[in-house]
Amino acid sequence: MNILSVDTATESATCAVMNNEKLLGEIVFNYKKQHSVILMEMIDSLLKNLKLDISDIDGFVVSKGPGSFTGLRIGASTVKGLSQGTKKPFVGISTLDSLAYNLAYTPGIICPILDALRGNVYTALYEFENETLVIKSDYLVIAIDDLIKIINEKRMPVCFVGDGVLLFKDILKANIKNSSFAPMHLNVARASSMAELGVKKLEKNICDDIYSFAPFYLRKSQAEREYEKKQREMKNE
Amino acid sequence: MDFLLDSVEKTIKLGEKIGKLVKSGDIICIDGDLGSGKTHLAKGIALGLDIKEYITSPTFTIVNEYEGRIKLYHFDVYRVNDPDEIEAIGFDEYIFSDGVSIIEWSNLIEGLIPEEHIQIKISKAPEKGENFRIIRISYWGIRYKYIEEINV
C-alpha cells in the first residue's frame with residue numbers, strides 16, 4: 001500500500017510517499033507560503049524520483065487543519081482532485097496530531113502550538129500511552145496566557161512543537177518550569193509524520209468523502225472576539 | 001492632519017505620497033461616503049507602491065491583490081453583512097502578512113481592525129464646491145509616524 005501524504009497547513013509545504021514498511025521519500029520546503037506555486041511540482045518530482053506513477057498510489061492523506069486558511073484549501077483541493085481522478089480513498093488528519101507525532105515517545109505532555117494571530121495559538125495537549133498518541137484536550141484556539149495556565153495546572157513536563165515556538169518560546173520558558181522545545185529538524189510539519197497517522201486509518205478503511213470533507217479552521221466566534229475586545233478595552237481604561 | 005483638496009488628481013497625488021512611505025505590514029483604513037474618492041486615494045497609494053496594474057474597486061471581489069514594491073491587498077468590505085463573513089475568508093492572514101492592506105469601509109468591520117493602523121476619513125465639502133474634499137489622516141502606533149512627513 002503506497003500512500004501519498006500532503007501537508008500545506010502551515011508555512012511548510014511538504015509531501016511524502018510511505019508504504020506499510022517504510023518512508024520512501026519526502027520533500028519539505030519551510031520557506032514562505034508559496035504552496036499553490038510549488039505543491040504540484042513537488043508531488044510530481046517526488047513520484048518521478050521514486051519511479052512511481054500516480055496510479056501506483058493506493059490512498060492519500062491530507063492535513064485537515066487547523067492552520068493557514070489558504071494553505072488548508074490548497075491541500076484539500078489538491079488531494080480531493082487526486083482522489084477523485086484516481087478513484088482512491090483519502091483521509092484528513094489534524095495538523096496538531098501530526099505535529100505532536102513528530103515528538104513520538106516524549107515523556108510528559110506534548111504540546112503543538114501554531115500561530116493563530118492576535119496573540120492566539122491553535123493547540124491541543126497530547127501524551128504517549130503504550131506507544132500510541134493520545135489527545136488529552138479539545139482542539140483549542142486560545143490566548144498564549146491561557147495555555148500557560150492550563151499547562152501549569154497539569155504539573156507535568158511539557159515539550160512544545162510548531163511555528164508558535166518561534167514566537168512564544170521566551171514567554172513559555174519564563175512561565176513554565178520543566179518546558180522543552182522541539183529541535184529544528186522536528187519543529188516543522190512533515191508529511192511523513194502525517195502519513196503514518198493516515199496509513200493507520202486507511203488500513204482500517206477509515207476515509208473521508210470528497211463531497212463532505214472540509215478543512216477544520218477552528219476559529220473563535222464573534223461573541224468570543226467581542227468579549228475579548230471588551231476585556232482589552234477595560235484593561236486600557 | 002487635514003488636507004483640503006479640490007480635484008481627483010490631487011487626491012491621487014496625495015495617495016501616491018502615502019504609498020511611497022508605507023512599509024511592509026502596514027494597514028490603511030479608508031472611510032467616506034459613496035463617491036467620495038476612496039478608490040481614487042487607493043489608486044494613488046498603489047502608484048506610490050510602483051504598481052503598474054489598473055486598480056479597480058474590489059466591491060464585488062472583496063479583496064484584490066497586486067504586486068508592487070510591496071504586495072498590496074485592497075479590500076472593500078461594503079458588501080459584508082457581518083464581520084464573521086470577512087473573518088471567514090482568512091482576513092487575518094492578509095492583514096498580518098508582509099503586504100500592505102488598504103481597507104475601504106473599515107468602519108463596518110471595526111472589531112477586526114488591529115489597534116495600530118492608519119485611518120483616512122474622506123468627507124465632501126459642498127460649501128466649498130462640488131469637487132472639494134477634506135481628507136483627515138490619523139494614525140495609531142509609532143510605526144506610522146512617517147505620516148507626519150506628508151504635505152501637499
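In the predicted model, Ile110(A) stands opposite Cys159(A) in strand S11(A). This residue pair belongs to the parallel pairing of strand S6 (residues 109-115) with strand S11 (residues 158-161) of chain A, which extends over 4 bridges. S6(A) also pairs with strand S7 (residues 120-123) of chain A, here in the antiparallel sense and over 3 bridges. S6(A) and S7(A) together form a hairpin with 4 residues between them, and Leu117(A) in the turn adopts a positive phi of about 70 degrees.

Burial along S6(A) was examined next. The strand is mostly covered, with 7 of its 7 residues buried. In a regular strand the side chains alternate between the two faces of the sheet. For S6(A), one side carries Ile109(A), Cys111(A), Ile113(A) and Asp115(A), and the other carries Ile110(A), Pro112(A) and Leu114(A). Both faces are covered, and the residues named on either side are all buried.

Leaving aside residues up to four places away in sequence, Cys111(A) touches Thr123(A), Leu125(A), Ile151(A), Val158(A), Cys159(A) and Phe160(A). In soluble globular proteins, nonpolar side chains tend to be buried together.

At the level of the whole chain, the secondary structure of chain A comes to 7 helices and 12 strands. The radius of gyration of chain A is 18 Å, close to the 18 Å that the globule rule gives for 237 residues, so chain A is as compact as a globular protein of that length. Along the principal axes, the C-alpha atoms of chain A fill a box of roughly 60 × 35 × 30 Å. Of the 237 residues in chain A, 41% are buried. Among contacts in chain A with a separation of 6 or more, 69% are accounted for by residues 24 or more positions apart.

Chain B contains an open sheet of 7 strands with mixed pairing, in the order S1-S7-S6-S2-S5-S4-S3. Its edge strands, S1 (2-5) and S3 (63-66) of chain B, each pair on one side only. Neighbouring strands of this sheet are turned by 15 degrees against each other on average, direction ignored. Within chain B, strand S4 (residues 72-76) and strand S5 (residues 100-104) run parallel and are joined by 5 bridges; Tyr73(B) stands opposite Ser101(B) in S5(B). Helix H1 (residues 8-21) of chain B lies across S1 and strand S7 (133-140) of chain B, and runs at about 145 degrees to S1(B).

The two chains are in contact through 10 residues from chain A and 8 residues from chain B. On the side of chain B that touches chain A, helix H3 (83-87) and helix H4 (91-95) of chain B each supply at least two residues. H3(B) gives the most to this side, with 3 residues. By class, the side of chain B that touches chain A has 4 charged, 2 polar and 2 nonpolar residues.

Terms used
Residues are numbered from 1 along each chain as its sequence is written. Chains are lettered from A and ligands numbered from 1 in the order in which they are written. This is a predicted model: local features need pLDDT of at least 70, side-chain atom pairs count only at pLDDT 80 or more; totals for chains, interfaces and linings use all residues. Two residues are in contact if their C-beta atoms, placed from the backbone, lie within 7 Å. Ala, Val, Leu, Ile, Met, Phe, Trp, Tyr, Cys and Pro count as nonpolar, Asp, Glu, Lys and Arg as charged, and the others, Gly among them, as polar. A residue is buried if 20 or more other C-beta atoms lie within 10 Å of its own, exposed if 12 or fewer, and partly exposed in between; C-beta atoms are placed from the backbone. Two strands pair if DSSP finds at least two bridges between them. The radius of gyration is taken over C-alpha atoms; the globule rule is 2.2 Å times the number of residues to the power 0.38. Axes are lines fitted to C-alpha atoms, for helices over the stretch in contact, and angles run from 0 to 180 degrees between N-to-C directions.
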